[in-house]
Amino acid sequence: MPTQGFQDHLRVMTRGVRMLERGLLGRAQPCPLASVRSAVSVASDQTWCMRCGAAIDSLTTMPQRVSVGSGPRCATCRVTPRFDGFVRLGSYRPPLDALVRHAKERSWHAVVWELGWHLGNEVERRFLAPKMGWRIVASPTSMWRRLARGIDHTNVLASAVASRLHSPNIKALRVGRRTRQAGLDRHERLHRARSMHCSQRAAIQLSGHGVLVVDDIRTTGATLIEACSVVREAGAEFIVPAVICVADMTPVSMKRSEVFASECG
Ligand SMILES: [Zn+2]
């Protein structure tokens with residue numbers, strides 16, 4: 001029978017280890033279910049364009065279960081739709097932004113999985129399943145980034161979406177040299193030399209199917225545009241990006257986006 005003194009020692013040591021984890025390593029994670037549920041419930045009343053993910057006026061109601069290619073569109077996508085469809089959980093703002101950032105930077109595997117599961121829920125809630133079923137593809141991160149973080153977060157997200165939708169997660173996309181993107185605008189990101197590619201074997205599995213390209217954050221959309229164009233070349237019938245959150249446009253980024261759109265025709 002451990003004495004009271006021993007139990008107190010144990011309690012202090014456990015608290016010390018927790019503080020070390022939180023402070024130095026940042027690995028201690030919040031309850032995945034509760035943290036994701038509360039962050040997503042704050043974000044879930046937003047309305048977004050179902051072709052690019054941008055927030056649109058709140059008077060529009062989000063539809064339940066439409067086919068890919070339908071649903072509300074923003075002014076830009078009414079003229080030139082950016083993607084075949086789009087799914088998101090919310091805007092890149094509190095509390096969802098901090099949760100996503102901490103989950104990937106601190107390797108909160110269970111939180112990332114729970115976010116992916118909710119994303120799968122949202123896909124099922126908004127879109128009718130394609131005849132041939134979904135194929136899930138993660139937006140790729142470089143090997144060094146994965147090693148540094150200790151988690152391949154987009155792949156964990158994709159695995160959770162795949163598990164929720166009973167669809168295969170295909171590791172189709174690979175990235176070669178990829179430089180840090182923070183601080184770059186959309187134009188710079190799109191023209192940064194990168195080499196995203198799809199293996200021949202994966203292309204066979206994607207051909208003729210509806211593909212969900214899973215990522216954590218859509219900032220300018222350049223990474224998703226590149227991923228989607230590679231998947232399209234592989235023969236996918238239609239492609240729907242599914243992201244946790246979208247950095248909705250400020251007036252400055254909107255101006256940049258207009259410049260980008262005019263330059264790309
Ligand atoms: Zn749009």
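A crossing of two helices is called right-handed if the near helix is turned clockwise from the far one by less than a right angle. The views below are taken from a predicted model.

**View 1. The crossing of helices α5 and α7.** Helix α5, which spans residues 109–126, and helix α7, which spans residues 153–165, have axes that come within 7 Å and cross at roughly 45°, so that α5 is oblique to α7. In this arrangement α5 passes α7 in a right-handed crossing. On the α5 side the contact is made by H109, V112, W113, L115, G116, W117, L119, G120, N121, V123 and E124, and on the α7 side by H153, V156, L157, A158, S159, A160, V161, R164 and L165.

**View 2. L157 and the largest nonpolar core.** The largest nonpolar core has 63 residues, and L157 is among those with the most contacts inside it, together with V137, V161, L212, V213, V214 and V231. When neighbours within four places in sequence are left aside, L157 is in contact with V112, L115, G116 and L119, as well as with A138, V214 and D216.

**View 3. P130 in the loop between α5 and β2.** P130 is found in the loop that lies between α5 and β2, the latter comprising residues 134–138. With 19 other C-beta atoms within 10 Å, P130 is partly exposed, because a residue counts as buried if 20 or more lie within that distance. Apart from neighbours within four places in sequence, P130 is in contact with V68 and G210, and its C-alpha atom is separated by 9.4 Å from that of V211, 81 residues apart along the chain.

Note on methods. Residues are numbered from 1 along each chain as its sequence is written. This is a predicted model: local features need pLDDT of at least 70, side-chain atom pairs count only at pLDDT 80 or more; totals for chains, interfaces and linings use all residues. A nonpolar core is a set of buried Ala, Val, Leu, Ile, Met, Phe, Trp, Tyr and Cys residues joined through C-beta atoms within 7 Å. A residue is buried if 20 or more other C-beta atoms lie within 10 Å of its own, exposed if 12 or fewer, and partly exposed in between; C-beta atoms are placed from the backbone. Two residues are in contact if their C-beta atoms, placed from the backbone, lie within 7 Å. Axes are lines fitted to C-alpha atoms, for helices over the stretch in contact, and angles run from 0 to 180 degrees between N-to-C directions. Helices (H or I, at least four residues) and strands (E, at least two) are DSSP runs, numbered from the N terminus. Angles under 35 degrees count as roughly parallel, over 145 as roughly antiparallel, 65 to 115 as roughly perpendicular and the rest as oblique.
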